[in-house]
Amino acid sequence: RAEDFGYLQVQSTRPLSVAYGLTDSPVAQLTWIVEKFKEWTDPRREFPEDAVDLVHFLTLVSVAWFGRGGDGAANLLYETAHAQVAWGREHDRPQGFAAFGREPLMRRILDPEERLPFWSEHLEGGHFPAMEAPAELIGDLRAFFARVDRLSRALGARRRGRARPAGLLRAAPPFSGAAAARARRGRPARAGRSSGRRRSGR
């Protein structure tokens with residue numbers, strides 16, 4: 001995987017070198033995107049069309065070509081690399097992560113203390129979960145916003161002076177992939193070990 005980041009070096013330093021080709025040649029645009037899907041989709045799939053629907057893939061390529069989006073996409077990483085650094089800044093907005101594919105170090109890097117209220121992992125999929133594993137992604141989104149909704153209701157009740165449900169305003173336990181699967185099936189997800197209560201997945 002040491003060579004996986006060549007595109008990053010080019011786009012973050014000399015984006016126009018790529019942009020001219022992506023806007024001048026539909027073959028260049030196609031091969032650029034195909035290579036990313038080959039490397040970034042589920043590694044157990046031999047070809048990109050084995051990982052994603054071919055019609056959806058060609059639609060994505062067509063939008064990039066006819067929308068003339070190649071140069072903007074190439075320049076995005078340059079702008080990001082030269083923007084004011086925002087890493088490490090904290091905020092109070094609820095957030096969660098869904099990891100697709102085998103990435104054993106992801107949580108150790110993004111959530112080493114396991115404090116995020118939502119974390120889901122799936123063995124299948126890769127960099128394009130909306131195309132590779134749409135049902136799993138939708139299930140995670142529903143489970144995440146169900147958790148956020150319950151927390152918001154609890155906070156609202158507290159501001160209005162009513163008794164708050166015990167435990168909801170504490171740091172919520174991580175939501176495992178199994179819990180998200182139960183939420184997708186309409187069954188309540190079990191809370192963390194510190195609390196024997198069940199939480200609704202609606």
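In this predicted model, the side chain of T23 lies 2.9 Å from the backbone oxygen of A19, a polar contact (N or O atoms within 3.5 Å, one able to donate a hydrogen and the other to accept it; residues adjacent in sequence count only if both atoms are side-chain atoms). T23 belongs to helix α2, residues 15–24; helices are DSSP runs of H or I with at least four residues, numbered from the N terminus. With a relative accessible area of 18%, T23 is buried (buried, under 20%; exposed, over 50%; partly exposed, in between; 1.4 Å probe, protein chains only). Beyond four places in sequence, T23 touches W65, R68 and D71, contact being heavy atoms within 4.5 Å.

The largest nonpolar core consists of seven residues, I33, F37, A51, V52, F57, V61 and F128; such a core is a set of buried Ala, Val, Leu, Ile, Met, Phe, Trp, Tyr and Cys residues joined through side-chain atoms within 4.5 Å. At least two residues of this core come from each of α3 and α5 (54–66). V52 also has F37, T41, F57, M131 and E132 as contacts, residues up to four places away being left out.

L30, in helix α3 (residues 26–40), is partly exposed because its relative accessibility is 33%. Together with L54 and L58, L30 makes a nonpolar surface patch of about 250 Å².

Residues are numbered from 1 along each chain as its sequence is written, and side-chain values use heavy atoms, without hydrogens and water. Local features need pLDDT of at least 70 and side-chain atom pairs pLDDT 80 or more, whereas totals for chains, interfaces and linings use all residues.

Technical notes:
Patch = residues over 30% accessible without salt bridge, like charges linked within 9 Å, V, L, I, M, F, W, Y side chains within 5 Å. Areas by Shrake-Rupley, 256 points an atom, 1.4 Å probe, with all protein chains shown as cover. Salt bridge = Lys/Arg side-chain N within 4 Å of Asp/Glu carboxyl O.
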